[in-house]
Amino acid sequence: MKLLGAENSPEVQQLLIEQFSATATTIGGPPEIAVDRHVELAKILRDEHQYRIFGFVVAVHYPTRVKEATEAGEVIRVSYGLRSVGKGTRLASWQLCVPVGQSVPTLVYLFAGADWQEREQYDLVGVRFDGHPDLRRLMLSEDWQGHPLRKDYAIDTKVHPWR
Amino acid sequence: MFYFTDSLRSLAASMRNVFRRPTTVEFPAVRRPRPARYRASFALLHDEAGDELCVGCKACERICPSEIISVELLKKESPVTGKKRAYASDFVLDSNACIYCELCVQVCPTDAIVMVKTPEEPAYHRQSLVLTMERLYENEKHRPLSWANATLLAEMQAPESKGATKVAESE
Amino acid sequence: MNPWLRGLLYALLITNVFLTITAWSIWFERKFSGRMQSRLGPTFYGPWGLLQPVVDGIKLIQKESLIPASADKLLFVVAPPLTVVLALGTAAVIPFSSDIIAADLDIGVLYLLALGSLTIIPVWMSGWSSNNKYAMLGAMRAVAQGVSYEIPLVLASLVPVVLAGSMSLSDIVRFQIKNGWFAFWPPGPGFFAFLFFLPASLAEANRIPFDIPEAESELIAGVSTEYTGMGFGLLYLAEYLHTLVISAVASVLFFGGWDGPFAPGLHWMVLKTLGLFAGIFWVRWSLVRFRSDQLMSICWRYLVPGGLILVMSAGLWVHFTRGGG
Amino acid sequence: MEMTSSVARGRRRANPYLDLESYDPEADLMVLNLGPQHPSTHGVFRLKLYLDGEIIVKVVPFVGYLHRGVEKLCEKLTMVQLVPIFDKNDYVSPMMNEQSLVMAFEALLGVEVPRRARYLRTVLAELQRIASHLLWLGAFAMDLGGALGGGATLFMYCFRERELILDVFEELTGCRFHYNTHIIGGNRHDVPAGWAAKVHSALNVIEPRLSEYESFLIVNDIYIERTRGVGIVDGALAMELGITGPVLRAGGVDHDLRRDAPYHCYDEIDVRVATAEAGDCEARASVRIAEMRESIRLVRALIDGIPEGPLGARKPIKTPLAEKATEGHSYAAVESPRGELGVYVVGGGDNRGASPYRLKIRSPSLHVLGCLPYILPGHSVSDAVAVLGSVDPIMGEVDR
């Protein structure tokens, strides 16, 4: 239940377990919390724990053939990270799990930096972010078919960029 | 109107550089010396007896990140010792896509493949950047070889080595 | 001599000499800036790369002249030669020595300023006719800048006119031969007028630090964005020609033209002009550029009031030294 | 329309999602595409500018022109093979890319790096920071002064000095760009004899030249007018956007991973972090120049004391499957010249776990570009170029 190399501080870990009933995932990584409470968590971390620098958003696709996929079938796990400011800076990270096709609440209204990061994850992995003001593709062209970082997107998929 | 005085300072700084020696050289006539570890093109080596070192094990083919090496294995009698051993019947390195990462040198079990120090390899066709086995063995004779080979690299990185390796250095 | 023949002769002379000097000044600039930047500059063609301008010219002529489909074709084609013509036309009144002058007009300074300010029109033509946003922005900036800097330029050149009491360039030089160069005597107005004249004329010629109309880091190449081949070559040439003419004018107005400590003559004029020309290159390769609104504020807040004061002080000098005049 | 440029240069934040209908229906806005082929977009980057006159009203940045699918490639290649691939992400500081990647893998695999390798990595990182900032200074001057003017002159000077550092790297690794000098658990190339002396002599040349550049550009009034009060990114906005590195520190936030979350051997040496308050282009430039001086000091302090001992923790690699991880997530970040360069790895991918299942690069340049829609409106096109130069984005890292 930790992110190797950048573990949560004990206070954050306690907060996650006690208030957000975080659970360990079978595949490691940061603790998993309920999808609908994650904006609340980010707000608490930002306002009460000084985690004010936006870190990262990582979406990982687990198709059904991978044994780690939960009973929900094909899932996308979204990890968020925030960084505290100044001396002794730590990373606070957590993880959400949604079935493919469902969306995650956006963090744009708390952290403006989430804008492009979430757009990138939408673009490459295909997870939608609820309430995002401008959810377009970031890296690929508007008319790209599919989401390349999904596991079912073969690396040698033919694309026709010049039309 | 402090632009004038400030500008004088900039003018002085640029004029000072007019009297420094130019850093650039007239390229084709003058060439920069290359350090011993400089890595550019490739060469395949022979041992002291004149036998080909490559045993066609495909270790370089497997590790190459750009997948540009292809090796064909052949078992035959050595023209030097007369013993039967493995050779590469074909060894092609397509340096069009090479990123010069030195991983193939690192993994070679017999120190057969090394890099060479001449960087200038202009060509008119993509095909002429494909290094065939003949050209690789040609490079051994005509090009200055880079310092590194698999043994020396492994010696440097080995966990049991004690401190700074006193290795041969730049020319 | 037949005035028509004389005119033709001088036109040929000025055109050829100026274009040749300009071409090799580009070589000089490349060599000089190269040394300034720790490079060698052109080395390949001829000794020390001396044939580089020839090669450049051949290259530019060989290149295909593209005209954008949406461009105004007539204006687009006419503009580059027109800039060169106007820049060369200015040279007609410059006295190179006491007897080498194409047209010794009584209103030489006025002609100079009028023709110089006309250069804005082909620049605007080329920017507008390219039908390109960058070219358009560049042309707009060029017009704003040219019109604004016309005023300090006029004011700065009025100072020698007032001091010498003549608008003829050769009279101004003769006055300086008698009374000392305006850059040094009378102390004050002349020198400051030179300091005003140089940036203002650089701004007119669109040279760094005033080359905002073609600020290539912002506007790619400004007005010359859409030009290829010799169209671009002519715009480029006109810029250098303009700078060369400015150097010549400045040496006439402030440094006594063909006057020199010994053996006055053409060589002094050439020396002074090329010296100023090299100085402009030195400035160009050493400074960064202003933003367009800063450039305007420099003009209207400092140069125009300062120029007025200079003209006034020059007038006062004349009044008190020559009494009422 | 009373929004003039002087008002707009105050500490305020524009609305990046501005509805142009609500702006001023009468205004005749011009749409200017700055890029993707433009001399000063530092690569292929496109800014769609809505201009009112020459004042920017709205900015829509487009990235992705250099997208090469590195993250997808990471799922196919193995961890051993990935190190040289990463040199190309931030092509101005390849050392940092390698370091962040191998650190993430080391965290995933639980490898302890020998002290000698950690020292060497610190030295390389600081040298790379000097080289990267030098290139930035040249490119920034070029944005201000143009490729045919004083900017180009400083650009050449900066390249001349950067060359000295590349020579030193070439001596060590054999390459000037594709170093591939890090392996999981250590370094590939040991310090050659006499290398420290060469580093010293390079630094001895660079340090006085920095003062020369300052007198050439930084103290010049023209430069100050171009940069002071232009493109203010204050600390709060920077943190919210996830901006790190010199841009954050120029906004008055004292945050540097080298000191605050020490990696390599930064815990053994005192890193003095440079900050500035104003948050404008001038502050960013001053922070970077102070960082160059600090890096010179750090390298001088470290280079003679590289401890004896082994360079690698693992057996020298002989096969692409040498390192395997079946599961786990790891994250490692370094303070690259542009900010927090992090790598998030999910272990247990193809090739029996030798490839990462998913790898994400947290690139500081992508975060930094996110600030443009907030700060550019109200500035002119010339300022847009200056701001873009001052935040120092590297497109290879933005698009990956």
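Mentor: What follows is a set of questions about terms, each answered by setting a value against a definition.

Mentor: Keep in mind that this is a predicted model.

Trainee: Let me start in chain C. What makes helix α6 (residues 133-164) of chain C roughly parallel to helix α12 (residues 292-322) of chain C?

Mentor: Look at the angle: α6(C) and α12(C) pack at about 15°, and their axes are 8 Å apart. Angles under 35 degrees count as roughly parallel. The value of about 15° falls under that cut-off, so α6(C) is called roughly parallel to α12(C).

Trainee: Which hand does the crossing of α6(C) and α12(C) have, left or right?

Mentor: That crossing is left-handed. The label applies if the near helix is turned anticlockwise from the far one by less than a right angle. As for the residues of this contact, they divide into 22 nonpolar, five polar and one charged.

Trainee: Now to chain A. Why are β1 (53-62) and β3 (91-99) of chain A called edge strands?

Mentor: Start with the order, which is β1-β2-β3 in an open sheet of three strands, with antiparallel pairing. β1 and β3 of chain A each have a single partner strand, so one side of each has no neighbour in the sheet. On average, neighbouring strands here are turned by 15° against each other, direction ignored.

Trainee: How do you know that strand β2 (residues 75-83) of chain A pairs with β3(A)?

Mentor: Count the bridges. Pairing requires at least two bridges between the strands, and β2(A) and β3(A) have nine, in the antiparallel sense. One place to look is V75(A), which stands opposite P99(A) in β3(A).

Trainee: What lies across β2 and β3 of chain A, and at what angle to β3(A)?

Mentor: Helix α2 (residues 38-49) of chain A does, running at about 175° to β3(A). Angles over 145 degrees count as roughly antiparallel, so about 175° puts α2(A) in that class relative to β3(A).

Trainee: On to the chains. Which pair of chains has the most contacts among the four pairs that touch?

Mentor: That is chains B and D. In this interface, 42 residues of chain B are in contact with 45 residues of chain D. On the chain B side, α1 (3-18), α2 (59-63), α3 (103-107) and α5 (150-157) each give two or more residues, and α1(B) gives the most, with seven. By class, this side of chain B has 21 nonpolar, eleven polar and ten charged residues.

Trainee: Last one: how is chain D divided into domains?

Mentor: Into domain 1 (5-62) and domain 2 (70-399). Their centres, taken over C-alpha atoms, are 30 Å apart, yet 24 residues of domain 1 of chain D are in contact with 24 residues of domain 2 of chain D. β3(D) gives the most to the domain 1 side of that contact, with six residues. That side has 14 nonpolar, five polar and five charged residues.

Conventions. Residues numbered from 1 in each chain as written. Chains lettered and ligands numbered in written order. Predicted model: local features only at pLDDT ≥ 70, side-chain atom pairs only at ≥ 80, totals over all residues. Contact = placed C-beta atoms within 7 Å. Domains from an automatic or database assignment. Helix = DSSP H or I, 4+ residues; strand = E, 2+ residues; numbered from the N terminus. Nonpolar A, V, L, I, M, F, W, Y, C, P; charged D, E, K, R; others polar. Axes fitted to C-alpha atoms, helices over the stretch in contact; angles between N-to-C directions. Parallel < 35°, antiparallel > 145°, perpendicular 65-115°, else oblique.
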